[in-house]
Amino acid sequence: MVQREWVEKDFYKVLGVSPDASEDEIKRVARKLLADNHPDRNPGNAQADEKYKAVGEARDVLTDKEKRREYDETRRLFAGGGRRRFGGGGNFGGFGGAGTDGVEFNLNDLFDAAGESGGANIGDLFGGLFGRGAAPPRASRPRRGNDMETEIQLDFREAAQGVQTPLRLTSPAPCTTCHGSGARPGTSPKVCRTCNGSGAVSRNQGAFGFSEPCTECRGSGSIIEHPCQDCKGTGVATRTRTINVRIPAGVEDGQRIRLAGQGEAGLRGAPSGDLYVTVHVRSDKVFGRDGNDLTVTMPVSFAELALGTTLTVPTLEGTVNVRVPQGTTDGRILRVRGRGVPKRGGGNGDLLVTVKVAVPPNLEGSAKEALEAYAAAEKASGFDPRAGWAGNLP
């Protein structure tokens, strides 16, 4: 049960952040921890594998505003153990009131009473305490399927430009025979007569009234008299399926993409969970990336920098001509607007071209003679490349 697990786990401690950490900080820390403990980087390391799973679970809860709110409230409510006393005057001995004739109970027992079926929740159990009477049974909510995680490898250019790629998964999916209902074809589930389809029944115990899962339908609110033979009445069967995943342009290495409803199927027609795809981007021999800017290093000759030239530079969508001014220094970065990586909100980053002098490994014949003549002329003109460098050391 989620509430019980939350009481026993400190997700903030798992990530090493404070309880008031921002969502951006949590995402940043989680992304680094997931990368450090990824199974591909730690083959056979069980400790890293457990850490990877724990970080993923903590991130999923703390980056979901609703889940994080529920988690914080649950931790505050049950901080300090779980065993409390009911005071004789209707106060909680452990929550600001105390009664000398109070009755001690364990809050964990309330979790047990809520049941693992999901038909009732902890709020139902408190609903009838101290004069409020038994809370009316609430309609059973279908059990949503579990979320799934997978990974894909993309080339640099696929990640920068976006791509649609098939993804093959083997997981619980809606049964194709009964279409997820759990009932044999030609039949349908019947409303549970015990709970009238609510999935919960009321029970009074002394001064207290409780709402608990219906034992007849196990909190589902319906009875399947003729279960589907293929899925045994669950509405779910494990099968292999292929889905086409659209990766948006500009996705970064380590980024996580959520595909709603593509996770494990829920029982008996309940909604499916979500699929989270972590993208790993292979490096490119030509291009690099700095945020939304595309980077490339162009080899040039000394003469091209000294005299100036026009370079033909590759981009993600062909080539572009870049003018190198006369007297450009080695290592200078030339910026070409709008020829970088597509931005999420529209438009593109820039292309950053770094010019790097390539020195010939062997210089012979007339080329060597010409360069020696140039060196002599350069020296005679008074040019000193180290003038003013390092304080003119002797």
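In β13, F287 finds its bridge partner in V296, and V296 in turn has V353 as its bridge partner in β17. Strands here are DSSP runs (E, at least two residues) and helices are H or I runs of at least four residues, both numbered from the N terminus; two strands count as paired if DSSP finds at least two bridges between them. Keep in mind that this is a predicted model, where local features need pLDDT of at least 70 and side-chain atom pairs count only at pLDDT 80 or more, while totals for chains, interfaces and linings use all residues. Residues are numbered from 1 along each chain as its sequence is written, and side-chain values use heavy atoms, with hydrogens and water left out.

**The four-stranded sheet**

- The strands sit in the order β12-β13-β17-β16, making an open sheet with mixed pairing.
- β12 (287–290) and β16 (333–336) are the edge strands with a single partner each, so one side of each has no neighbour in the sheet.
- From one strand to the next, the twist averages 30°; axes are lines fitted to C-alpha atoms (for helices, over the stretch in contact), and angles between N-to-C directions run from 0 to 180 degrees.
- β12 and β13 run antiparallel and are joined by four bridges.
- Their hairpin has two residues between the strands, and G291 there takes a positive phi near 65°.
- β13 (residues 293–300) and β17 (residues 351–357) run parallel, with seven bridges joining them.
- T295 stands opposite L352 of β17.

**The β14–β15 hairpin**

- β14 (residues 309–315) and β15 (residues 318–324) run antiparallel and are held together by seven bridges.
- Two residues separate the strands of this hairpin.
- P314 has T319 of β15 as its bridge partner.

**The three-stranded sheet**

- Another open sheet has three strands in the order β3-β11-β10, again with mixed pairing.
- β3 and β10 are its edge strands, each pairing on one side only.
- Neighbouring strands are turned by 25° against each other on average, direction ignored.
- β10 and β11 pair in the antiparallel sense over four bridges, and I257 stands opposite V277 in β11.
- Helix α4 lies across β3 and β10, running at about 105° to β3; contact means heavy atoms within 4.5 Å.

**The second largest pocket**

- This pocket holds about 930 Å³ of space. A pocket is an open set of points on a 1 Å grid over the protein atoms alone, where a 1.4 Å probe fits and protein lies on both sides within 12 Å along at least five of seven lines; lining residues have an atom within 4 Å of a point. Points are joined across faces, edges and corners, and the volume is the space filled by probe spheres set on them.
- It has 31 lining residues, and R31, R59, G254, Q255 and R256 are the closest to its centre.
- α3 (23–36), α4 (46–62), β3 (148–154), β10 (256–259) and β11 (275–281) are the elements that give two or more residues to the lining.
- α3 makes the largest contribution to the lining, with six residues.
- The lining has 18 charged, seven polar and six nonpolar residues. Asp, Glu, Lys and Arg count as charged, Ala, Val, Leu, Ile, Met, Phe, Trp, Tyr, Cys and Pro as nonpolar, and the others, Gly among them, as polar.
- Domain 1 (4–76) and domain 2 (148–178 + 235–282) each supply at least three lining residues; the bounds come from an automatic or database domain assignment.
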